[in-house]
Amino acid sequence: MTGPAVGPLDRVAPRYGGGSLADVLPSALALLGVPGAADLLGLAPRLAGVRRVAVLLVDGLGWYQIPTAAPYAPTLAGLAATVGVPLTSGFPSTTPTSLVSLGTGTPSGPHGVLGFTVRVPGTDRVLNHVDWAGDPEPSAWQPVPTWYERARAAGVAVTVVSRPEFAGSGLTLAANRGGDYRGAAGADPLAERMLAALAAGPGPTLVSGYHPDLDRHGHLTGVDSAPWRLAAADVDRLLARLVDGLPPDAALLVTADHGQLNVPDGHRIDLDTDPRLRAGVRVVAGEPRVRYLHVEPGATADVVAAWSAVLDGAARVLTRAEAVATGWFGPVPEAHLGRIGDVVVVCRDTYAVVATRSEPPMASRLVAYHGADTAAEMTIPLLVVRG
């Protein structure tokens, strides 16, 4: 298994256009002849003649977590060593942003799902993209056509397989519109329904699957905890079933939305218990590793100074313009700028900024987090298997 020559806490920039999660579906659909799809990842030499493609996204399976999972996931470890390469997620390295980047093939700026939570511009409302029930209207909030829509228009049979409870959610419509939705709760039903959809017809076929359990156990009990190890074994069983069941004219692409970092108690900074961090701040959004601060008029400089002093090297504190200029989000249209905070706080090392009073209590008690631009969070696998 080869990978980037950086440490897990080193900063990594998104490699949009030839090495990121957003490049997976355009590359896969180029194999199927979809107009406008470009093989940005160079899959064609390995997958010539493929007419069916399955894409599996394992939530929380960062490249840097694979060696930790290897004792419990030998199939995963073997694939990573033989047919695996590292990609990057987009920014922030968080599930809603990544799912929509996968579906649209764009960085976060164009599609506008710019974090786990964001402020709805012109209001003090904070939209949680995971609990998004349809307001704002998904196609207006996320205006970029998905590759599922484009593939279907080109005659490709498109199926999305994910948890039953996610059917029809705002995030599902933003990320996956255009695919026939099939519910599957657990590794075995997911494998069964993905393989059935892959083999259902004679024509070009795309099947997209999503498995959330590794991420959930990482958040609740930590990377390399006993429940996380069991979840890694479930991922391995899922991969083994998919690989064994691939039709001869099919390929399986396995990737992830982000990795994770365990955050020790001493590295949690509580914005709700330090008045210096609340001064001048009207709305807090984002998540513990990447905070978006929407400030009172004229307070940007003071908030940057206060947060820089209090965090004292635990995070980078930037204005919105500085954050956009880094290229983290790709191009950001005017309509989406207000979803990014006036001040953007990106945690370094294993620090996190929690909000014990103003956010759900569980959010501050998680063990592992993600969202920032360390290699452990941003670097994800691409495993390419031919039937």
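Predicted model: local features only at pLDDT ≥ 70, side-chain atom pairs only at ≥ 80, totals over all residues.
Trainee: OK, and which residue does the R241 side chain meet in a salt bridge?
Mentor: That's D188, with 3.5 Å from N to O. R241 sits in helix α12 (residues 226-245) and D188 in helix α10 (residues 187-198), so the bridge ties together parts that are 53 residues apart in sequence.

Trainee: What about the accessibility of D188?
Mentor: D188 has a relative accessible area of 29%, so it counts as partly exposed.

Trainee: Which residues are linked with D188 and R241 in a network?
Mentor: D234 and R237 join D188 and R241 in a network of salt bridges.

Trainee: How many salt bridges are there by this rule?
Mentor: The count comes to 20 salt bridges. One of them pairs E149 with R177, where the closest N and O atoms are 3.6 Å apart. That pair links distant parts of the chain, 28 residues apart: E149 is in helix α8 (residues 147-153), while R177 is in the loop between α9 (170-176) and β6 (180-183).

Trainee: Why does R177 count as buried?
Mentor: Because its relative accessibility is 14%, and buried means under 20%. E149 is at 29%, so that one counts as partly exposed.

Trainee: Switching to strands. What's the order in the seven-strand sheet?
Mentor: The order is β2-β17-β8-β1-β7-β5-β6, in an open sheet with mixed pairing. β2 (84-88) and β6 stand at the edges with a single partner strand each, so one side of each has no neighbour in the sheet. From one strand to the next, the twist averages 20°.

Trainee: How do β8 and β17 run, parallel or antiparallel?
Mentor: Antiparallel, with four bridges joining β8 (residues 250-255) to β17 (residues 379-386). If you want a spot to look at, L252 stands opposite V385 in β17.

Trainee: And which strands does helix α4 touch?
Mentor: Helix α4 (residues 74-83) packs on the sheet and touches β2 and β17. Its direction makes about 85° with that of β17.

Trainee: Which residues in α4 are buried?
Mentor: L76, L79 and A80 are buried in α4. They cover an arc of only 100° around the axis, so they end up on the same side of α4. P74 and T82, on the other side of α4, are exposed.

Trainee: What covers those buried residues of α4?
Mentor: The cover includes α3 (66-69), β2, α12 and β17.

Trainee: Last one: where is S364 found?
Mentor: S364 is in helix α17 (residues 361-365). With 11% relative accessibility, S364 counts as buried.

Trainee: Which residues does S364 touch, leaving out those up to four places away in sequence?
Mentor: With those left out, S364 touches R268, V354, A355, T356 and Y369.

Definitions and conventions: Residues numbered from 1 in each chain as written. Heavy atoms only, no water. Salt bridge = Lys/Arg side-chain N within 4 Å of Asp/Glu carboxyl O. Helix = DSSP H or I, 4+ residues; strand = E, 2+ residues; numbered from the N terminus. Buried < 20%, exposed > 50% of the residue type's maximum accessible area, 1.4 Å probe, protein only. Pairing = 2+ DSSP bridges. Axes fitted to C-alpha atoms, helices over the stretch in contact; angles between N-to-C directions. Contact = heavy atoms within 4.5 Å. Arc of directions from axis to C-beta.
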